[in-house]
Amino acid sequence: RDVGHGMPVTLEELYSGAEKKLEVQAIDSPRQTRKPKNITVHVTAGAANGSKVVFRDEGDHVHGQVLPGDRVVVLQEQPHARFQRKGEDLLMECEIPLAAALSSRYKVVVEHLDKRTLVAELPPGGPLAPGRVMKIVGEGMPKEGSPFNRGDLFLRFSVAFPESLSQDQIHTLRQLLPPSGRKELSGEELEEAEEVWMSAATL
């Protein structure tokens with residue numbers, strides 16, 4: 001009969017490919033006893049989560065069957081600390097300082113899944129808004145069966161704001177930055193408005 005197993009695999013192993021050992025319990029015929037058995041699972045570069053590696057005639061040999069069944073290993077992709085996989089693409093969250101976001105002068109350093117270090121400079125063109133997404137072409141996951149063809153690496157930026165500013169720094173920023181464009185309330189409108197208090201919180 002066929003036998004299935006789940007095998008946890010890291011994103012690094014799915015990126016570069018790997019060979020992993022798996023110890024299983026096999027039933028042989030005619031004694032129908034269980035014996036430990038080691039099998040080598042070849043993880044193909046670019047394999048998808050849930051991919052199946054099939055070992056023909058390596059399943060349990062149940063009494064009454066001429067041949068044993070198959071042994072099926074299902075690859076189970078584990079969460080990664082820095083990258084999210086989106087099919088053939090990768091997504092990485094990237095936090096940059098406020099000064100870098102305002103000036104767009106910043107070099108992003110990425111330690112990739114195969115230990116390569118990538119350096120990419122933000123393109124010029126003004127401030128970088130939080131939530132902005134940039135793309136590095138060809139640095140995503142390899143395509144299964146064609147490992148030299150890869151998806152893309154997407155970087156989603158957040159901005160690290162300083163915890164405090166001096167009054168001089170606040171004054172300088174107000175001089176440098178454009179006004180918000182928000183309509184200011186008149187004195188009469190302020191008098192009619194309801195004043196409430198706001199404090200720090202977490203969701």
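Predicted model: local features only at pLDDT ≥ 70, side-chain atom pairs only at ≥ 80, totals over all residues.
Trainee: What makes a set of points a pocket or a cavity, and what volume does the largest pocket have?

Mentor: On a 1 Å grid over the protein atoms alone, a cavity is a set of points where a 1.4 Å probe fits but cannot get out, whereas a pocket is an open set with protein on both sides within 12 Å along at least five of seven lines, and lining residues have an atom within 4 Å of a point. The volume is about 160 Å³, understood as the space filled by probe spheres set on the points, which are joined across faces, edges and corners.

Trainee: How do you know whether aspartate 152 is buried or exposed?

Mentor: Buried means under 20% relative accessible area, exposed over 50%, and partly exposed in between (1.4 Å probe, protein chains only). Aspartate 152 has 16% relative accessibility, so this residue counts as buried. Its place is in the loop between strand 12 (146–150) and strand 13, where strands are DSSP runs (E, at least two residues) numbered from the N terminus.

Trainee: What makes the approach of aspartate 152 to glycine 138 a polar contact?

Mentor: A polar contact is a pair of N or O atoms within 3.5 Å; within protein, one must be able to donate a hydrogen and the other to accept it, and residues adjacent in sequence count only if both atoms are side-chain atoms. Here the backbone nitrogen of glycine 138 lies 2.9 Å from a polar atom of the aspartate 152 side chain.

Trainee: Which class of accessibility do glycine 140, arginine 132 and lysine 115 fall into?

Mentor: Glycine 140, in the loop between strand 10 and strand 11 (142–143), is at 0% and so counts as buried. Arginine 132, in the loop between strand 9 and strand 10, has a relative accessible area of 41% and is therefore partly exposed. Lysine 115 lies in the loop between strand 8 (107–111) and strand 9 (117–121), and at 62% relative accessibility this lysine counts as exposed.

Trainee: Why are strand 6 and strand 10 called edges?

Mentor: In the open sheet of 4 strands, ordered 6-7-13-10 with mixed pairing, strand 6 (83–86) and strand 10 (133–136) each have a single partner strand, so one side of each is left without a neighbour in the sheet. The twist there averages 30 degrees from one strand to the next, with axes fitted as lines to C-alpha atoms (for helices over the stretch in contact) and angles running from 0 to 180 degrees between N-to-C directions.

Trainee: How do you know that strand 7 and strand 13 pair?

Mentor: Two strands pair if DSSP finds at least two bridges between them. Strand 7 (residues 89–97) and strand 13 (residues 153–160) run parallel and are joined by 8 bridges, with methionine 92 having leucine 155 as its bridge partner.

Definitions and conventions
Residues numbered from 1 in each chain as written. Heavy atoms only, no water.
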